[in-house]
Amino acid sequence: MAARMAGVESILFALVIAAPVAGHAFPVFHKWKGGKAIAVTFGVLLGISSYSDAVWLLACLLILFTGILVVRPHHVRVILSFLLFAVWCGFHIRIPSILYGCYLVTLFVIVKHLLAPNQGKWEVRFYPAGLLRSIKEHCVSTYPDLRHGKWRGEHDKREKERSE
C-alpha cells in the first residue's frame, strides 16, 4: 500500500520499511522495552520481496549460523548475520529507498541485540549436523521423558494393551 501511495523510489519508503522494526524493538508505550525484532524484520522483508530477495539471504545466514557454523551466544549470531546482510544489500539492492530501509532495519536490530545482557562466552563451532542436534536438544529439554525413554515405554504398553 505504501509502495503504491508514496512510491518505492521515494526515500520515505525507507522509513516505512524500518518503522515496524523500530516500533517492535523500542515501543514507546512499554518504556522502550520490546522484542528482538527478528520476526518483524522477516515480515517487512517478505513485504518487499517483489523488489528484493533479501529475505532469503537473511534466512540462510541465520540458519547457517544456527545449525552449521554454530555461533553462540544468540545475540552474537544475530549481529553477525545482520552485518553480513547489510554488506550483501550494499552490493545487490539497486533501489535506494529499499537499501536505506534495509540499513535502518539492520541498525535497529543490531542496537537491540547490543543492548541485550551478556549471555555467556563467545563460541564458534563448525558442526554440519548442528541443526539436527539443536532440534534434538530442544525436544529433549522441552519433553524430558524423551531423554529417559519413558515415552517409548508408555507407547509400547498402550500398543500391547490394544492388541490384547
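**Entry 1: the salt bridge.** I began with the side chains of Glu-123 and Arg-125, which meet in a salt bridge at 3.2 Å, N to O. By salt bridge I mean a side-chain nitrogen of Lys or Arg within 4 Å of a carboxyl oxygen of Asp or Glu. I searched the whole structure and found one salt bridge. Glu-123 is partly exposed, at 26% relative accessible area, and Arg-125 is partly exposed too, at 30%. My cut-offs are under 20% for buried, over 50% for exposed and partly exposed in between, with a 1.4 Å probe and protein chains only.

**A note on the model.** This is a predicted model, in which local features need pLDDT of at least 70 and side-chain atom pairs count only at pLDDT 80 or more, while totals for chains, interfaces and linings use all residues. Residues are numbered from 1 along each chain as its sequence is written, and side-chain values use heavy atoms, leaving out hydrogens and water.

**Entry 2: Phe-126.** Next I looked up Phe-126, which sits in strand β2 (residues 123-126). Strands (E, at least two residues) and helices (H or I, at least four) are DSSP runs, numbered from the N terminus. Is Phe-126 buried or exposed? Phe-126 is exposed, with a relative accessible area of 61%. Leaving aside neighbours within four places in sequence, I found Phe-126 in contact with Ile-68 and Leu-69, contact being heavy atoms within 4.5 Å. The C-alpha atoms of Phe-126 and Ile-68 are 6.1 Å apart, though 58 residues separate the two along the chain.

**Entry 3: Ser-97.** I then turned to Ser-97 in helix α6 (residues 96-114). Ser-97 counts as buried, at 0% relative accessibility. Beyond its neighbours within four places in sequence, Ser-97 is in contact with Val-8, Glu-9, Ser-10, Ile-11, Phe-13, Ala-14 and Ile-17.

**Entry 4: helix α3.** Which residues of helix α3 (residues 38-47) are buried? I noted Ile-38, Thr-41, Phe-42, Val-44 and Leu-45. Down the axis of α3 these buried residues fall within an arc of 165 degrees, so they line one face of the helix; the arc is that of the directions from the helix axis to the C-beta atoms. An α-helix has 3.6 residues a turn, so residues three or four places apart point the same way. On the other side of α3, Ala-39 and Gly-47 are exposed. The cover over the buried residues of α3 includes α2 (12-25), α4, α5 and α6.
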